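Dear colleague,

I am passing on the structure we spoke about, and below it you will find my notes on what came out of it. Please read them with the structure open beside you.

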Amino acid sequence: MAAARSGFSIFAIGDSAVLAEFGTSLDLDVNSRVQRLAQAVRAKDVPWIYDIVPALGSLALHFDPVRLPAGLDPVSAIEDLLQDCLRSGLRTPRGSVPSVEIPVCYDAEFGPDLAEAAGLLKLSVEAIVRRHVASVHRVLMMGFAPGQPYIGGLDAKLALPRRATPRTRVAAGSIAIANAQTAVYPFEISGGWNVIGRTPLRVFDVTREPAALFAPGMQVRFVAITRAEFERRCTR
Amino acid sequence: MHAVTLRVLRPGLHTTVQDLGRHGSQHLGVVPCGAMDAVAHRMANALVGNGADAAALECTVIGPELLFEQAALVALCGAAFEATIAGAALPQNRPVLLAAGARLRIGRTLRGARGYLAVTGGICVPAVLGSRSTYVPAAFGGLEGRALRAGDTLTLDAAAPALSAARFSRLENTRTAAGFASTAWQVSAMTLPRGDSISVRAMEGRHYAQFDAASRRAFFGESWRISQDSNRMGYRLAGPALVRRGAGDLLSEPTCLGTVQAPSDGSVIVLMADHQTTGGYPKIAEVAGADVPLLSQVAPGGMLRFERCSVEAAREALRRQHATIDTIVNSINLQYRS
């Protein structure tokens, strides 16, 4: 591991990736920097780097060691690349931040963990919904499954740990909360977060451009809808 | 013109269309996918004169039964299967020209877990986000985003029958058998496990030092068994309990092919081709890229040990592996170009 000059540590993870870590606890400013740095690196279009993956507080660059220019140490080459991007200054998004409204039906059937969450949080189900739709949230990263956002900005009163036993099947479109974040499940998968509702929107659709409904940095507002409205808007 | 097709009579245990993977979209959470044993996949494609990026069928433990409606040049590489055409054994690791109407029965594996059946011109399915690889959990890529089923029809390159015959005619030392023709030569199976337990090179992961001394010793010292609930996403390993000291929860961060996660519930998981792009579990090790194909040839129940190696040694192993493959592929290509 090399301690870097300006606020990040950098090291190899395996033989085909390098990780730059900017923070070890969730910090929204650090997260915003990581996401913008990823865009700056992408714009450099380095031929031997094929995947640039920003997360909450770190950034991974995946490469093919066989294609590395001879004699090049990928850790120091990537450190130089990141320093270069940081020195040039990271672009702040111009104009208004992209935002999206996500309709959510918070019916008990779609939010199987609502009642238990209400008990743990000592709030009514209505109060949980009220607080979830009141805050302005922000997409911090995309990860785990195609199109899945990790969304920050959860009302502090809704902070819950993950479920002790993950659910083996969580429906596509499920809205789930844990660790001060909200996730939206793009497909039916297993998951350990607390499911409080469901959106009728398609979170990831390879026939659409862009395929992903969410993108890092995007502002998100959740809007409560009725069951009838959910059925009407459901395109699945 | 009549479409050139391949009919699935019996699907096998889990047969999917795979190429070398969906790269460049991990920032959207898009899982890389691709052949679990990329070496065998590359070899099968080279044997039928395809480029490295052509899509082939990945057969898992029990292969499919396929009806070739037109003549086709095929190659089966990777695991050793009980495979027959009209009762005669299919020669593996070499090009085989099947006559129109040939039924290829791929049964159980005799050694290894995954076989790759390449067909001249490749399996024609639409590319999704730059790849033809199947990703079953999200139902995209490959054939309708799923494993093959009985009754499926796969489309082949329209030029495949003519191309197959033309390519085969250029090969040296060919032999004709009942219902098919092949070569007297073959390539070696580079990724087949030998013996009952394999050795897999691995580097210390970035949270390695957070595990206690006994756990660190056990990780590289003891044997691990691949559990039944292992799949293309990850291999779960049963073995010694690993204890991470004190350190609290980790922020979700990017993961890699070959990352070995050790969550606090005692499980140990090696991330494979369909691995999630990010995760919050401690990383005790990273499997050397050169040994991922070998690992992917071990079925549940198989045993392995981790052999410690440096990042530099792992990259050198990968470069050497590619040089060996390139030499073999070039010698095949020389015949096809002659």
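B:A44 touches B:A56, B:A75, B:L76, B:C77, B:Y116, B:L117 and B:A118, leaving aside residues up to four places away in sequence; touching, or contact, requires C-beta atoms, placed from the backbone, within 7 Å. This is a predicted model, in which local features need pLDDT of at least 70 and side-chain atom pairs count only at pLDDT 80 or more, while totals for chains, interfaces and linings use all residues. Residues are numbered from 1 along each chain as its sequence is written, and chains are lettered from A and ligands numbered from 1 in the order in which they are written.

B:A44 is also among the residues with the most contacts inside the largest nonpolar core, which has 167 residues (a core being a set of buried Ala, Val, Leu, Ile, Met, Phe, Trp, Tyr and Cys residues joined through C-beta atoms within 7 Å; buried means 20 or more other C-beta atoms within 10 Å of a residue's own, exposed 12 or fewer, and partly exposed in between). The largest share of this core, 10 residues, comes from strand β5 (residues 72–85) of chain B (strands are DSSP runs of E, at least two residues, and helices of H or I, at least four, numbered from the N terminus).

In helix α2 (residues 74–88) of chain A, the residues A:P74, A:I78, A:E79 and A:L82 are buried. They lie on the same side of α2(A), because they cover an arc of only 130 degrees around the axis, taken from the directions from the helix axis to the C-beta atoms. On the other side of α2(A), A:S76, A:D80, A:D84, A:R87 and A:S88 are exposed.

Best regards

Notes: The expected span of a helix is 1.5 Å times one less than its number of residues. Two residues are in contact if their C-beta atoms, placed from the backbone, lie within 7 Å.
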